Amino acid sequence: MLSVVPRPVRVRVPAKINLHLGVGDLRDDGYHQLETVFQAVSLSDEVTVAPADRRSITVIGDNANAVPTDHTNLAWTAIDALAAMTGHRGEVAVEITKGIPVAGGMAGGSADAAAVLVGLTRLWRSDIDRDDLSSVAAGIGSDVPFSLRGGTALGTGRGEHLVGVLSRGSFHWVIAVAGGGLSTPEVYRELDHLRAGSATGEHRAGPPDELLQALAAGDARRLAPALCNDLQPAALSLMPTLRRTLRAGTEAGALAGIVSGSGPTCAFLCDDADHAVDVAAELAGAGVCRSVRIASGPVPGARVVPDETIGDDR
Ligand SMILES: C[C@](O)(CO)[C@H](O)COP(=O)(O)OP(=O)(O)OC[C@H]1O[C@@H](n2ccc(N)nc2=O)[C@H](O)[C@@H]1O
Ligand SMILES: Nc1ncnc2c1ncn2[C@@H]1O[C@H](COP(=O)(O)OP(=O)(O)OP(=O)(O)O)[C@@H](O)[C@H]1O
């Protein structure tokens, strides 16, 4: 009987910005207790999974040479996790097209892990439900459940416990991609170091009440002053040039700017799409970052791209 080889499955998965990132105490398990508001934005990776005789990962696109193609790629971890649950052997060819800044604080690796979970669920015709998939995601990394979910959500725990949040309309961002990367664990360690050394009791973000109201109102000018990130001082301590980037963004007319997650990418909130184009043009000429992108959110999480667009050379 002729066996039908399943067609490759392509998944598009967004980057994230932490609009609010409150970092609590270091827990016994080595993670920090978080209260964060994630928003998925329209910078994305595309991940294709296809049946193969042996496992392989290839990476193309922006800064692809900085991404590993062995077992240290989070996509590999995701294959192992789902194969363990479903009994598959995990011989899969994965192709990743990067559009999310690498090591930028926008959950680039987490996004690819989420995309692999979604793609393999389709490829292997697995009937795993969303909650179980989210649990598998949480086991891969703290940002992976949000990369699955997308939209706008309040994250607690390590960031893996998510509750949807109302965000009206779209918010428009200019993204300043830095020349280098920052190691997430190193930024958290630096925060603990700064907190240990501060006599005055360092600033910690309060509850995101004003931010949640600004999101529900769809009001960018109200959202701007409510943006906050407890990891920002640590990212600035490890990469002081980010101060110039943040200053250049607001001088270019942005409503506000923050380091995205553990950084070093900086996200600048604008009034609307046209304003974002103006700010991006001005920032691109300021010589304070490797490249400048425009994005908007919220957008959905990891989702299969219909067949007819595979091979589309857009
Ligand atoms: C900075 C954020 O991107 C904000 O959303 C996330 O907290 C980081 O999420 P992530 O990269 O998926 O992090 P994981 O891969 O789960 O953990 C990597 C390392 O970051 C640190 N980490 C991560 C999450 C957390 N709540 N507290 C931590 O201290 C720990 O040292 C951990 O070993
Ligand atoms: N699929 C992947 N894409 C990008 N980086 C990956 C991937 N898999 C593993 N890595 C490694 O993870 C490191 C962190 O990259 P990543 O893009 O996940 O950082 P990040 O966006 O700051 O993550 P987060 O915001 O979740 O902390 C990179 O330096 C790279 O070596």
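Trainee: Where does Pro298 sit?

Mentor: Pro298 is in the loop between β11 (291–297) and β12, strands being DSSP runs of E with at least two residues and helices runs of H or I with at least four, numbered from the N terminus. The bond joining Gly297 to Pro298 is a cis peptide, with omega about 0°. This is a predicted model, where local features need pLDDT of at least 70 and side-chain atom pairs count only at pLDDT 80 or more, while totals for chains, interfaces and linings use all residues. Residues are numbered from 1 along each chain as its sequence is written, chains are lettered from A and ligands numbered from 1 in the order in which they are written, and side-chain values use heavy atoms, with hydrogens and water left out.

Trainee: What makes the bond from Gly263 to Pro264 cis?

Mentor: Its omega is near 0°. Pro264 lies in the loop between β9 (256–259) and β10 (266–270).

Trainee: Why is Ser147 called buried?

Mentor: Buried means under 20% relative accessible area, exposed over 50%, and partly exposed in between, using a 1.4 Å probe and protein chains only. Ser147 has 2%, so Ser147 is buried. Ser147 belongs to helix α4 (residues 144–149). Beyond its neighbours within four places in sequence, Ser147 has contacts (heavy atoms within 4.5 Å) with residues including Val13, Pro14, Gly301 and Ala302.

Trainee: And why does Arg125 count as exposed?

Mentor: Arg125 comes out at 68% relative accessibility, so the label is exposed. Arg125 is in the loop between α2 (108–123) and α3 (130–140), and has a positive phi of about 50° although it is not a glycine.

Trainee: What makes Asn63 partly exposed?

Mentor: Its relative accessibility is 27%, so Asn63 goes in the partly exposed class. Phi of Asn63 is also positive, near 60°.

Trainee: Why is α9 called oblique to α10?

Mentor: Helix α9 (residues 242–251) and helix α10 (residues 273–284) pack at about 135°, with axes 9 Å apart. Those axes are lines fitted to C-alpha atoms over the stretch in contact, and angles run from 0 to 180 degrees between N-to-C directions. Under 35 degrees is roughly parallel, over 145 roughly antiparallel, 65 to 115 roughly perpendicular, and the rest oblique. The angle therefore makes α9 oblique to α10.

Trainee: Which residues of α9 and α10 meet?

Mentor: Thr245, Ala248, Gly249 and Glu251 in α9 meet Val279, Glu282 and Leu283 in α10.
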